[in-house]
Structure formats: C-alpha cells, structure tokens
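Have the viewer open as you read.

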Amino acid sequence: MEITKIICGPMPTNMYLLEEDGKVVIIDAEARIEKIRPLLEGKELLAILLTHGHFDHIKGVDELVKEYDVPVYLHPGDKELATSKAVFQENLHLFGFSAIIKSPIRELSEGELKIGPFCFDVLYTPGHTEGSVCFRIGNDLFSGDTLFRRSIGRTDLEGGDMRKMKDSLRRIRELDPQLVVHPGHEGDTVLGEEFQYNFYLQ
C-alpha cells in the first residue's frame with residue numbers, strides 16, 4: 001500500500017491518499033479538487049473516510065463527491081458537527097473560514113471496514129470530538145486529531161471532552177507500539193515513541 005500525504009489549508013491539515021492496485025481511499029479531505037485531480041488520474045477513488053467532522057478536515061468533501069461520486073464515511077457522533085449551518089457560521093466567525101458537508105454521509109461504526117482491497121480496523125476514540133475515530137490498516141494508524149506527535153488534540157472545542165479523551169488514549173495505549181502514526185496535523189511518529197515521550201500517554 002502506498003501512502004501520499006498532502007498538507008493543505010490554513011491550519012495546515014494532513015490529507016492522506018491510500019493506494020493499492022490502482023484503487024484509492026482518501027482519509028480526511030481538506031484540499032481543493034484542483035490539487036487532488038492530478039493525483040487520481042488513471043486511478044479509481046473508492047471512498048472518503050473522515051476521522052472527525054471539524055471543518056478543516058472536510059472542506060474538500062463535496063467537490064470530490066461531485067466529481068467522483070464516492071461514499072463518505074463519518075461517525076454519527078459528528079454528523080451535526082459536519083452538516084450544521086449554525087456550526088458553519090460559528091466557525092466562520094471564530095476562525096475566518098468554515099465548511100460543511102452537503103453530500104450524503106454513511107455511518108461509520110467501530111470494527112472492520114472493507115473497501116475494495118483495503119481492510120480497516122475502525123477504533124472509536126471520542127474526546128477531540130464526540131465522533132472521532134482512528135483508522136488502523138496494516139502497520140499504519142491514522143489518528144486524526146486524537147493523537148499527535150508528542151501531544152493530543154484539543155478538547156475545548158465543539159464536541160470535546162477530556163474525560164472521553166483519556167479513555168480513548170488508554171485504548172491507544174494498548175495498541176502495537178510498532179504502529180506508524182499518521183496524525184491530522186504535523187509530522188508522523190511511531191506509537192512506541194509516543195508511549196515513551198508523549199506526556200498524555202504516560
């Protein structure tokens with residue numbers, strides 16, 4: 001499996017393209033279609049998976065769905081966060097930009113998710129938002145804004161809950177330390193290093 005990371009948007013957000021045998025799945029979709037289209041030329045986009053519903057992870061969803069007609073997967077705990085016009089306006093006021101999803105959304109639940117040649121283990125990890133998830137596939141863990149290199153996601157935004165975050169981090173603490181972590185912002189890390197150096201996983 002080949003992983004391509006695209007860093008995009010004002011926050012900057014990590015968007016991932018996973019490719020296997022010409023089939024592609026996108027994890028989080030911030031980038032505009034003009035930036036993604038050349039990377040998908042000659043390939044088949046199968047789905048968009050969202051780690052959570054914050055606007056900086058969903059901005060490119062509707063353009064991609066319009067062009068490629070693919071399903072969008074999001075945990076139901078974040079559906080309102082990703083679709084509410086009121087939340088859109090609030091984020092626009094606070095941050096100067098915002099986004100919502102108008103495309104149909106498929107409910108994402110914990111457990112195995114098979115899409116073409118990809119087989120994901122979906123881990124429900126609320127805390128940063130009510131519907132946050134991590135995607136594990138092979139030796140890779142896509143942690144969204146739950147876990148960063150030497151840090152964790154904020155819990156003081158819409159849907160955040162530090163108690164739930166601590167519970168989610170305890171679950172992550174039980175995973176294979178060899179996993180390569182691909183977070184929603186900043187650089188990659190190895191889970192074992194986070195066990196050793198990340199204060200929140202001590």
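S7 and S8 (residues 118-124) run antiparallel and are joined by 5 bridges; two strands count as paired if DSSP finds at least two bridges between them. Within that pair, Ile 115 has Phe 118 of S8 as its bridge partner. A quick note on ground rules: this is a predicted model, where local features need pLDDT of at least 70 and side-chain atom pairs count only at pLDDT 80 or more, while totals for chains, interfaces and linings use all residues. Residues are numbered from 1 along each chain as its sequence is written, and side-chain values use heavy atoms, with hydrogens and water left out. Helices (H or I, at least four residues) and strands (E, at least two) are DSSP runs, numbered from the N terminus.

The S7/S8 pair belongs to an open sheet of 6 strands with mixed pairing, ordered S7-S8-S9-S10-S13-S14. Its edge strands are S7 (111-115) and S14 (189-190), each of which pairs on one side only.

Between S8 and S9 (133-137) there's a loop, and Thr 125 sits in it. Is Thr 125 buried or exposed? Thr 125 is buried, with a relative accessible area of 0%; buried means under 20%, exposed over 50%, and partly exposed in between, using a 1.4 Å probe and protein chains only. Leaving aside residues up to four places away in sequence, Thr 125 touches Ser 132, Val 133, Cys 134, Thr 146 and Ser 168, where contact means heavy atoms within 4.5 Å.

Now for the other sheet. This one is also open, with 6 strands in the order S1-S2-S3-S4-S5-S6 and mixed pairing. S1 (2-8) and S6 (106-107) are at its edges with a single partner strand each, so one side of each has no neighbour in the sheet.

| Strand pair | Sense | Bridges |
|---|---|---|
| S1 and S2 (residues 13-20) | antiparallel | 7 bridges |
| S2 and S3 | antiparallel | 5 bridges |
| S3 (residues 23-27) and S4 | parallel | 5 bridges |

Across to S4, Lys 23 bridges to Glu 44 and Ile 26 to Ile 48. S2 and S3 also make a hairpin with 2 residues between them, and Asp 21 in the turn has a positive phi of about 55°.

How covered are S3 and S4? In S3, 4 of the 5 residues are buried, so S3 is largely enclosed by the rest of the structure. S4 (residues 44-49) is mostly covered too, with 5 of its 6 residues buried.

Two helices pack here. H2 lies across S2, S3, S4 and S5 (72-74), running at about 150° to S4. Axes are lines fitted to C-alpha atoms, for helices over the stretch in contact, and angles run from 0 to 180 degrees between N-to-C directions.

The axes of H1 (residues 33-40) and H2 (residues 61-68) come within 10 Å and cross at roughly 45°. That makes H1 oblique to H2; angles under 35 degrees count as roughly parallel, over 145 as roughly antiparallel, 65 to 115 as roughly perpendicular and the rest as oblique. On the H1 side, the contact is made by Ile 33, Ile 36, Arg 37 and Leu 40, and on the H2 side by Glu 63, Leu 64, Glu 67 and Tyr 68.
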